[in-house]
Amino acid sequence: MKFLQLFLILFLGFIPSEIMSGAHKIFQKNRDKICLVSFYQNIASDARIGSFDKIKQYRIGILVDPTGLVMVSNDVYPVSMDLVSSTGSLPSGLPSDFKVTLSDNNEHSATFLGKDDQAKVAFIRIEKENQTDSFPFVTFRKTESVQIGDTLFVLELLGPSYNYSPLFTSHLVNAVLESPRRKFLINNYLPALSAGGLVTNVNGEALGVTINQSFDFSSARPGDFDDFHKNYLEIAPSEWFVELIADPPDIEDNQVAQKSWLGIQMQALTKELKNYWKVPQEGGVVIDRVFAESPAAEAGLHTGDVILSVNDSILKVVEDNETAELRNIILTEKPGTVVDLTIFRNGKILPRKVKLTAAPKAIGRAESYPVPELGFEMRELTRDILYQEDLPLNTPGVFVYQVDRASPAGIGGLETGDIIQEINENPVSGLDDAGTKIEKLLEKKQKIFMLKVLSYRQSRFVFIDLEK
Amino acid sequence: MDFFTGKTFSTLFVIVLLFHFNGFSQGDSKDLQQEIMKARDMVIPALVHIEPVRTVFSTGEKRHALVTGSGFIFSRDGYILTNHHVVENAEKLTCTLYNRKKLPAEIIGSDPSTDVAVIRLNLEEWEGETLPYAELGNSDSLEVGQFVLALGSPLGLSRSVSMGVISSIDRYFEDRGSMISPYNLWIQTDAAINPGNSGGPLINLDGKVIGINARGVFLAENLGFAIPINLANEMAGKLLAGDTIRRSWIGLELQPLRELKQYLKKPDLSGVLVSNLDPGSPAIKSGIRPGDVIQSINELQINVNYEEDLPAVRKILSELPVSQEANIKLWRDGKIKKITVIPQPDPFEYHPEFEAEDWGLVVKNINRTIFYLQGLTQYDGIYISAVKSGEFAERAGLRPGDVIKSINQQKIHDIKEFKQMYQEIRESDPDFIFFEILRQATPYFAAIDLRKWVK
């Protein structure tokens with residue numbers, strides 16, 4: 001216990017003295033389960049294809065099982081894995097060189113396993129030096145009894161200027177949000193190193209983790225903005241991620257959490273639309289678009305249909321930013337499940353059964369093929385791109401994921417986001433085909449490549465001259 | 001190494017100066033000064049300061065902004081040439097003439113593609129002397145290096161003259177973003193062109209107008225662009241005949257041939273490379289494909305080696321007679337093919353924005369940039385350029401950037417149909433206004449419940 005004295009311990013906020021001693025015990029009880037995680041974020045370099053700009057990053061980690069499984073914020077890997085998880089997606093490689101520094105100051109190497117964007121957590125595993133090594137860990141309990149006014153303790157780490165020392169604070173639960181997904185808000189008055197801090201109750205039992213604030217600007221209207229100067233700390237209750245701790249996602253094994261999707265774009269049934277269409281229910285989800293070959297398409301849903309309920313839950317969605325409610329219901333169901341929808345179409349109420357499938361993978365997880373000789377990286381054309389560009393699913397081609405600006409491809413005018421459809425007048429069916437074609441041409445010492453590309457549904461020709 | 005010290009340096013400096021003014025003795029530079037004054041005096045009386053009262057919705061709130069620009073009278077009966085961007089969306093125009101007289105003016109026609117506009121002074125209040133006007137020169141015979149003056153009227157009465165040379169006569173701007181000028185090249189000059197003298201004349205030392213000042217480049221020095229007067233004059237003629245310029249459309253996007261020739265190792269190939277075909281266009285119907293090389297249009301030989309050659313071809317295509325067969329000769333995989341295509345009117349016709357005041361909405365026709373950026377596949381519909389906060393449209397969920405496809409189940413093809421529908425709804429007073437729109441190519445529905453509103 002000697003090492004504890006090495007750390008700066010901060011008690012903040014008003015804590016009655018009888019809890020105070022208890023609070024310190026809670027801190028002591030959990031301190032060794034919190035660790036400092038460092039890693040390199042690999043942001044695709046636009047200077048050299050296949051290389052990355054490495055940026056060293058630090059996060060708060062929580063040990064969640066005796067074998068050395070560590071839970072961190074999902075922002076360690078900001079790339080969308082599937083179509084239902086949209087994150088700000090820079091072209092980026094997997095994070096690497098993970099190190100975990102435990103409270104005894106010992107540093108361990110670790111490997112990245114995977115992440116879940118809905119639960120907002122990612123997992124890494126400490127590489128054990130001895131098989132018998134065992135780590136202290138946090139066990140989370142259920143949170144259904146948490147209510148406004150309860151006292152919570154938050155154990156985090158401070159930033160680099162405070163040498164990542166522990167930060168321990170007490171809070172009242174200021175708000176409990178039920179929709180679109182249950183979470184707690186507390187007043188945040190001390191900035192910590194990152195999201196991923198441990199949240200406990202007054203008995204020191206773990207309840208959840210702190211997460212990054214979620215902003216949805218997509219449906220914001222003038223006057224909708226909150227006062228951002230007042231910062232909340234958002235807490236994800238343990239229900240978000242306990243199942244993932246038992247069975248963490250693992251990218252290497254291609255075992256990513258299979259997320260269900262319906263395959264629609266949607267809007268809220270506003271009061272005006274309800275009255276205009278004479279829908280016999282307040283609230284609902286209007287289908288704006290049905291993606292081809294999605295569960296919704298298979299079930300025969302149409303643009304303009306109003307979804308009134310899913311299984312037994314009536315959708316009371318009257319504003320666009322509440323449509324996440326439907327998405328969250330779908331996300332709680334496993335792929336393969338059949339859900340019962342009630343649809344309103346042309347004045348009639350129709351039942352529809354929809355068999356959910358796993359959401360197609362996003363470009364971030366697509367197979368990659370770097371072409372360093374020409375200076376770009378291509379990827380298989382994933383459905384998210386085709387849906388986004390509203391192209392038929394059988395559109396042939398490969399997606400240009402990265403272009404090195406000073407390379408022959410960059411000089412020739414190839415751009416990130418282009419879809420290559422022909423190479424030297426020959427149609428390209430897919431990634432392997434494109435790779436073979438380019439390799440053969442390079443072997444034959446071809447000097448000029450003529451690519452037919454599609455971008456914003458407009459075609460053009462890009463000439464890549466290796467002699468330039 | 002004391003080469004650049006004291007005497008050596010100043011001697012060198014004098015030599016450089018002499019070299020710089022090579023050819024100008026004391027007398028010559030006096031002559032130049034006189035020439036500048038003479039040219040200036042020929043055009044300054046025709047210079048007008050234009051104050052358009054413009055409706056601006058950029059914040060979603062309608063406000064009148066007073067902007068200023070320049071223009072010049074080019075005919076005795078009071079016609080003025082200026083830029084489209086000076087008079088765009090102007091509700092009212094006031095011109096200040098050389099003698100401080102303020103006259104109202106009306107827009108005769110305006111063309112965003114070439115940034116040329118013609119307005120006419122209301123001469124009812126004009127008394128006395130004949131109206132001064134500037135003579136137009138010939139922009140086809142310009143030479144790089146030739147002296148020019150950029151004239152303008154940045155404020156009511158002040159007049160500005162800046163001098164420079166023609167830096168380039170064939171500047172091309174890629175047909176992307178806001179700098180759209182598909183049909184012409186630009187005169188580049190180092191004479192200062194700024195927002196105040198935008199629309200003013202660029203003149204030669206004979207006092208003849210050779211261009212209309214149009215663009216300065218923000219934060220760049222000595223970089224101004226003017227529209228060649230021959231093109232402006234041609235457009236003015238068309239604008240005087242009708243309020244917009246009707247162009248033909250076969251739906252081709254073109255690329256220069258230079259790189260294809262290198263790729264094919266066919267240095268003698270001539271023509272222009274077809275890169276893209278607009279959906280549903282006459283070119284698609286005629287069987288033209290991306291990758292084809294167009295070699296002649298109605299027997300007129302085409303050769304586009306560089307980007308700078310593109311505007312001329314686009315202009316030829318835009319001037320093909322509508323509904324009349326045009327013969328196109330093209331090269332495809334080493335073989336010559338002859339194809340006929342029947343041009344149609346350009347689906348992207350310009351109309352001034354329209355404000356549906358009761359609904360808190362400003363709309364305009366879809367243009368080519370909007371069409372492709374919004375991922376549209378059909379040409380009908382109108383584009384919402386602004387939505388007033390707190391009004392019907394905004395409450396119904398409409399946003400700037402949306403494309404209205406139908407109102408109350410009736411298709412809206414263009415701004416004329418929108419205006420009609422707007423009028424009908426105002427008169428018939430229905431319970432609802434129901435919009436089907438496209439937002440980034442995805443349908444969206446919006447309804448306004450008029451029963452809730454006190455009218």
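Strands β28(A) and β29(A) (residues 458-465) run antiparallel and are joined by 8 bridges. Strands count as paired if DSSP finds at least two bridges between them. Helices (H or I, at least four residues) and strands (E, at least two) are DSSP runs, numbered from the N terminus. Within this pair, A:V453 has A:R460 as its bridge partner in β29(A). The hairpin has 2 residues between the strands, and A:Y456 takes a positive phi near 50° there.

This is a predicted model, in which local features need pLDDT of at least 70, side-chain atom pairs count only at pLDDT 80 or more, and totals for chains, interfaces and linings use all residues. Residues are numbered from 1 along each chain as its sequence is written, while chains are lettered from A and ligands numbered from 1 in the order in which they are written.

**A second hairpin, in chain B**

| Hairpin | Bridges | Residues between strands | Positive phi |
|---|---|---|---|
| β28(A) and β29(A) | 8 bridges | 2 residues | A:Y456, near 50° |

**Where the chains meet**

The contact between the chains takes 24 residues from chain A and 27 residues from chain B. Two residues are in contact if their C-beta atoms, placed from the backbone, lie within 7 Å. Elements of chain B that each supply at least two residues to its side include β16 (252-255), α5 (258-264) and β28 (432-439). β29(B) gives the most, with 7 residues. By class, the chain B side has 14 nonpolar, 10 polar and 3 charged residues. Ala, Val, Leu, Ile, Met, Phe, Trp, Tyr, Cys and Pro count as nonpolar, Asp, Glu, Lys and Arg as charged, and the others, Gly among them, as polar.

Two residues of chain A show the contact at close range. A:S459 lies in strand β29 of chain A. Beyond four places in sequence, A:S459 is in contact with A:K452, A:V453 and A:L454, and also with B:S275, B:N276 and B:P290. A:S459 is partly exposed because 19 other C-beta atoms lie within 10 Å. A residue is buried at 20 or more other C-beta atoms within 10 Å of its own, exposed at 12 or fewer, and partly exposed in between, with C-beta atoms placed from the backbone.

A:L273 sits in helix α3 (residues 271-277) of chain A. A:L273 counts as buried because it has 23 C-beta neighbours inside 10 Å. Not counting residues up to four places away in sequence, A:L273 touches A:V286, B:F445 and B:A447.

**Cores**

In soluble globular proteins, nonpolar side chains tend to be buried together. A nonpolar core here is a set of buried Ala, Val, Leu, Ile, Met, Phe, Trp, Tyr and Cys residues joined through C-beta atoms within 7 Å. The largest has 123 residues, and those with the most contacts inside it are A:V285, A:I307, A:I420, A:L451 and B:V363. Strand β28 (residues 448-455) of chain A gives the most to this core, with 6 residues. Beyond four places in sequence, the contacts of B:V363 include B:F354, B:I382, B:I404 and B:F418. A second, separate core of 58 residues includes A:V37, A:V79, A:F123 and A:I211.

**Domains and overall make-up**

Domain bounds come from an automatic or database domain assignment. For chain A it gives domain 1 (1-252), domain 2 (260-358) and domain 3 (366-465). Domain 1 of chain A puts 8 residues into its contact with domain 2 of chain A, which puts in 9 residues. For chain B the assignment gives domain 1 (44-125), domain 2 (135-241), domain 3 (248-345) and domain 4 (354-452). The centres of domains 1 and 3 of chain B, taken over C-alpha atoms, are 38 Å apart.

Chain B has 10 helices and 29 strands. Of its 455 residues, 41% are buried.

**Confidence**

The predictor's confidence in each residue is pLDDT, from 0 to 100. Chain A has a mean pLDDT of 87, and 87% of its residues reach 70 or more. Confidence in chain A is lowest in strand β1 (residues 11-12), at a mean of 44, and highest in strand β26 (residues 419-423), at 97. Over residues 1-19 of chain A, pLDDT stays under 50, and the model has 21 contacts beyond four places in sequence for them.
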